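I opened this entry to look up the overall fold and the surface patches. My notes follow the order in which I checked things.

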Amino acid sequence: GVEMVGIGTALAIDPNLPRDWQRGQHNAPQLPPITWGNKVLASLANMAVVKHQLRKLSQGRDTHPRVSPLWALLQQQLNDIQRSRQYRRWMARRGLANG
């Protein structure tokens with residue numbers, strides 16, 4: 001009866017959530033809703049916000065649930081561009097580049 005996406009998002013915001021539940025605290029952290037008119041962009045921004053939280057956790061830093069969805073989306077896009085360029089350079093060095 002638990003939605004895995006919902007629990008994953010909650011854990012991205014508060015990784016101590018299971019411990020809190022064991023202690024009887026019934027908090028359920030949520031990200032602020034994104035109410036953009038374009039549902040596709042809003043969905044991409046929501047995923048970018050969750051990835052932003054996970055990135056911060058992987059760096060040993062505190063989460064920032066109030067991060068701007070636009071900022072998180074732009075940051076993710078820039079990171080993806082950078083990683084794509086790095087991958088293409090790596091492939092070219094190995095002689096595996098297409099085209």
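**Surface patches and fold**

I started with charge: Arg-85, Arg-88, Arg-89 and Arg-93 gather on the surface as a patch of positive charge. I keep in mind that this is a predicted model.

I then placed Arg-85. It lies in helix α4, which covers residues 69–93. The cut-off for exposed is over 50%.

Next I looked for a nonpolar patch on the surface. I found one formed by Val-40, Leu-41, Leu-44 and Met-47. Together these four have about 350 Å² of accessible area. I traced Leu-41 to helix α3, residues 39–58. Leu-41 has a relative accessible area of 39%, so I noted it as partly exposed.

I went back to helix α4 for Ile-81, which is found there. Its relative accessibility is 41%, so Ile-81 is partly exposed too. How far apart are the C-alpha atoms of Ile-81 and Met-47? I get 17 Å, for two residues 34 apart along the chain.

Last, I took in the whole protein. I count 4 helices and 0 strands. Along the sequence the pattern reads α-α-α-α. The C-alpha trace spans about 60 × 35 × 25 Å along its principal axes. I looked up the radius of gyration and found 17 Å, whereas a compact globule of 99 residues would be near 13 Å. Of the 99 residues, 24% are buried.

Note on methods:
Residues numbered from 1 in each chain as written. Predicted model: local features only at pLDDT ≥ 70, side-chain atom pairs only at ≥ 80, totals over all residues. Heavy atoms only, no water. Patch = residues over 30% accessible without salt bridge, like charges linked within 9 Å, V, L, I, M, F, W, Y side chains within 5 Å. Areas by Shrake-Rupley, 256 points an atom, 1.4 Å probe, with all protein chains shown as cover. Salt bridge = Lys/Arg side-chain N within 4 Å of Asp/Glu carboxyl O. Helix = DSSP H or I, 4+ residues; strand = E, 2+ residues; numbered from the N terminus. Buried < 20%, exposed > 50% of the residue type's maximum accessible area, 1.4 Å probe, protein only. Lys, Arg positive; Asp, Glu negative; His and termini not counted. Charge placed at Lys NZ, Arg CZ, Asp CG, Glu CD. Rg over C-alpha atoms; globule rule 2.2 N^0.38 Å.
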